[in-house]
Amino acid sequence: RFFRKEIEAAIAADPQNESGFVDDFRRLIADVDYANAMHRLGREKEWASMIELTNRYLAEHEFSSRQRQAVLLHRYGAEEKLRDWESAIRTLLAIVETDPESDLGKKAAGVLAEWRRNKIAADAEKANGIPAPAEAREE
């Protein structure tokens with residue numbers, strides 16, 4: 001973000017990508033633009049716009065497993081703010097599927113397991129009139 005003008009000048013000076021750095025420079029700019037837009041949208045509480053932006057960003061760029069999980073986590077946060085639980089669950093599943101052994105994959109799996117426990121307890125309480133254990137109740 002601090003060297004944007006210099007990076008843009010380097011891209012303009014190398015239209016044939018003879019240096020081999022143009023794609024990397026364009027990606028740096030795209031990453032900064034995404035981060036800035038997400039920050040602004042978050043301040044403005046534009047959760048649906050954050051999801052749309054994140055979906056475009058995921059579609060337009062390649063990511064390492066860790067990077068993909070981090071971007072998906074942004075989407076999950078916006079879905080959670082919208083209380084779009086179905087989409088939030090799909091996003092958590094995508095985080096786990098990307099790399100179940102990573103820290104983010106394990107955390108997403110933990111959130112899913114907690115939701116499952118809460119759902120089972122709530123369903124049992126509803127069906128049988130049996131109060132769910134305190135640790136399984138949604139507060």
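Biologist: What makes you say that the side chains of R90 and E86 meet in a salt bridge?

Modeller: Their N to O distance is 3.0 Å, and a salt bridge is defined as a side-chain nitrogen of Lys or Arg within 4 Å of a carboxyl oxygen of Asp or Glu, so the pair qualifies. This is a predicted model, in which local features need pLDDT of at least 70 and side-chain atom pairs count only at pLDDT 80 or more, while totals for chains, interfaces and linings use all residues. Residues are numbered from 1 along each chain as its sequence is written, and side-chain values use heavy atoms, with hydrogens and water left out.

Biologist: How far apart are R90 and E86 in helix α5?

Modeller: They are four residues apart, which means a separation of about one helical turn; helices here are DSSP runs of H or I with at least four residues, and strands are runs of E with at least two, numbered from the N terminus.

Biologist: Why is R90 called partly exposed, and why is E86 called exposed?

Modeller: Buried means under 20% relative accessible area, exposed over 50%, and partly exposed in between, with a 1.4 Å probe and protein chains only. R90 has 47% and therefore counts as partly exposed, whereas E86, at 58%, counts as exposed.

Biologist: What makes R75 and E79 buried?

Modeller: The relative accessible area is 15% for R75 and 4% for E79, so both values fall under the limit for buried. These two residues also form a salt bridge, with their closest N and O atoms 3.5 Å apart, and they lie four residues apart in helix α4.

Biologist: Which residues of the largest nonpolar core touch the most other members?

Modeller: Of its 23 residues, these are Y34, M50, L53, V71, L92 and I95. Such a core is a set of buried Ala, Val, Leu, Ile, Met, Phe, Trp, Tyr and Cys residues joined through side-chain atoms within 4.5 Å. Its largest share, six residues, comes from α3.
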